[in-house]
Amino acid sequence: MTRLNRSDGATPTRDARSEAKQLFVMIAMGGPGLAIWVWGLKQMQWAGHATVPGVLCALLGGLLVLACGCYHYLKDYSGPGKARGIVAFLLVTVVPATLGVLFVRLFVRG
Amino acid sequence: MLHRHRALAATLLLAIALLPLALAVPAEHAGAHAAGHYEWPLEGRVTRGFTKPTGPYGEGGHQGLDIACASGAAVRSAGDGTVDWVGEVPRGRCVSISHPGGVRTVYLDLDRIDVCRGTRVAAGQTIGTVLGGRDVSSPEPHLHFDAYMNGVPVDPHVLFEGLSTDSFIRLIPVTAEPPGAVSASPSSKDDPGLWARVPRGVKALASGAVDSLKGALRLLAAGGIGFGRGAAHNARWVARQATALWSGSICPSMRATGRFFAGAWRNRFVKAVVAGLAAALAIVILVALAVVALGVSLLVGAIAAVLGAVACLVAAIVYAVCHPNGFGFATCFLRSLCAGGLAAGLVMSGGSLTTAFGAGWYELGILGTLKGALLSGCYSALFEAGTSYLFTGAVHLQKILVAFCVGAFSGAVARTLLKGIRSSTRLVEILSFCVGEGQAGLAGAGQTLAVLFDDSAVLMRGFIVTVRATAVRLGVKAAYLCFSGTLGAGINAVVCLATRKPITVSGMLAAFCTGAVMGVVALSFDVRGIGGMLERLSFFREGVGERLKSIAATLINKSLHKAVSNGFKGTFKKLFKEEGSE
């Protein structure tokens, strides 16, 4: 049994409260991070070039989202099987994200 | 009896009235009964009369008479008595004779003295001759003649002419005494007087006491006056300082502060911040009430309060940015309140449901799936926004939202698949069972999918039933209402995105309120909603009626939803002055 299965009901090492707490922490980091990232990019777009506040906001937001990912990795995927954990993390996060971007690029016109 | 008492009181009043007078003019009183026993010491004109001294040592007056005479004229004793002092004083040679009744006479500036101390003399007996040169109080030669009563200098005329005590009687309160009444007051001619009968020690004691009392009273009065003057002076100083402080510092500062706030209030961003803060305060209070009344978790309440307050401020500032003209404080406040309430409601409903059903979600693995979905959605939106800006220089919110939704869905699926393959979940069990039984091909796949969908349907039904039953059982109906309202708002947002309609505040609020109202309907009639209401009629319980019940319940629900939704939309559009439709 790897640490990957912590959210599984069969693993008694983690209770629902801590799982919910992790979810809230991720929401608190990822939501504002994404909003700040988009707002910073919008600032840069409105200004016509890379303004300092826009760049800083975008960087801050991106770092928050990346920190959210690191937190998720450390809590759920890090462990003895490090390589397997990294692969699983990428499969669960990066691949679906790429799929989403491709979907938008292919099917959504704006 | 009454008259007797009045006479007694008059006597007492007489005594009290005479006491200070007696202290002030004892000689006159005493001289009254001394008249007729004295004679002038020599014949001559009085060149300078008696003047009462103003000081304690005789200064400021003339304590006697200057009787003009020729040098060498014989000086006679004014009355019977005993020489008690003979000697030299700065103004000349002097003889002092004590007479009965406390009277003493002094003869000054003599040349020859015929008596010595202790000599008893009779009235008219020669005691010496006048020199009359050294005493300069009168320009011509004279005898200086003094008289004292009990040590107090008096005018010597009283010795020779007497002093009528009728002048004292004028001080007595005159009352009409009835005829035959016995007067308690002694006769002034027969009785030497109350003061004369008082022993000398008592007199001195009384005099000292009165003097002490006078001094004390004078001191007290002076102290009181001084204290009052000092207090008044201090009060005037404090008042002056307070006036100067008010007019010099406080008033200008208050005026400057008022001008500053008045100037700042003209800025719409300041108004927006104030409106946002007020809305945030209201949200925090509401969340606190919800935490206390509904038993919401403290952590969830804190997160909801913080996010609600942030949403309030952000909404207020966004409103100020988007409305450079026609900025309204009330509208800004309402928008902030709605945004904060929406955010806080979302967090509280999600948090409450997570807390209430966390165990169930945990058992089902939903929390882990949600985490994966969230992270995948965030990454997807991040990539989409970044690449869009890099490639086109523009960022589209709709594309970002779609990317987030697709990424989240993909992430949830990926997480479920990964976890299922690894941990032998129900999906893997089904797949393994199908493979193990050798059912391959389309038939096997179809059967597997059928089982999977059926199982999912059971899962969803079980989830909904669990949500509703647990919500009612725990009494957290408010959480369920928030959940249903949030669900309505989310559906409204998805519909707007799908149909490319703008997402407005009024539309989101109307959807939230409609969802909440429908949640109330669903919770009514023993948590059976409209169906429960219809079941109360026996016609809808069996047969055709049971079939009609679901149709009627659906129609009623839809009509109710439509009416409530339209009503809320119209209200919020008017409230926020928004044009257009969802």
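This is a predicted model: local features need pLDDT of at least 70, side-chain atom pairs count only at pLDDT 80 or more; totals for chains, interfaces and linings use all residues.
Local features were taken at pLDDT of at least 70 and side-chain atom pairs at pLDDT 80 or more, whereas totals for chains, interfaces and linings use all residues. Residues are numbered from 1 along each chain, chains are lettered from A in the order in which they are written, and side-chain values use heavy atoms, without hydrogens and water.

Rings of Phe, Tyr and Trp (its six-membered ring) were paired if their centres lie within 6.5 Å, with planes under 30 degrees apart counted as stacked, over 60 as edge-to-face and the rest as tilted. Ten aromatic pairs were found over all chains by this rule. In chain A, the ring centres of Tyr73(A) and Phe89(A) are 5.5 Å apart and the planes stand at 65°, so this pair is edge-to-face. Tyr73(A) belongs to helix H2 (residues 52-76) and Phe89(A) to helix H3 (residues 82-92), 16 residues apart; helices (H or I, at least four residues) and strands (E, at least two) are DSSP runs numbered from the N terminus. Tyr73(A), at 17% relative accessibility, is buried, and Phe89(A) is buried at 11% (buried, under 20% relative accessible area; exposed, over 50%; partly exposed, in between; 1.4 Å probe, protein chains only).

In chain B, the rings of Tyr107(B) and Phe145(B) have centres 5.2 Å apart and planes at 35°, so the pair is tilted. Because Tyr107(B) lies in strand S6 (residues 103-113) and Phe145(B) in strand S9 (residues 142-149), the pair ties together parts 38 residues apart in sequence. Both Tyr107(B) and Phe145(B) are buried. Together with Trp40(B) and Phe160(B), Tyr107(B) and Phe145(B) form one aromatic cluster.

Arg104(B) lies over the face of Tyr148(B), 4.5 Å from the ring centre (criterion: NZ of Lys or CZ of Arg within 6 Å of the ring centre and within 35 degrees of the ring normal).
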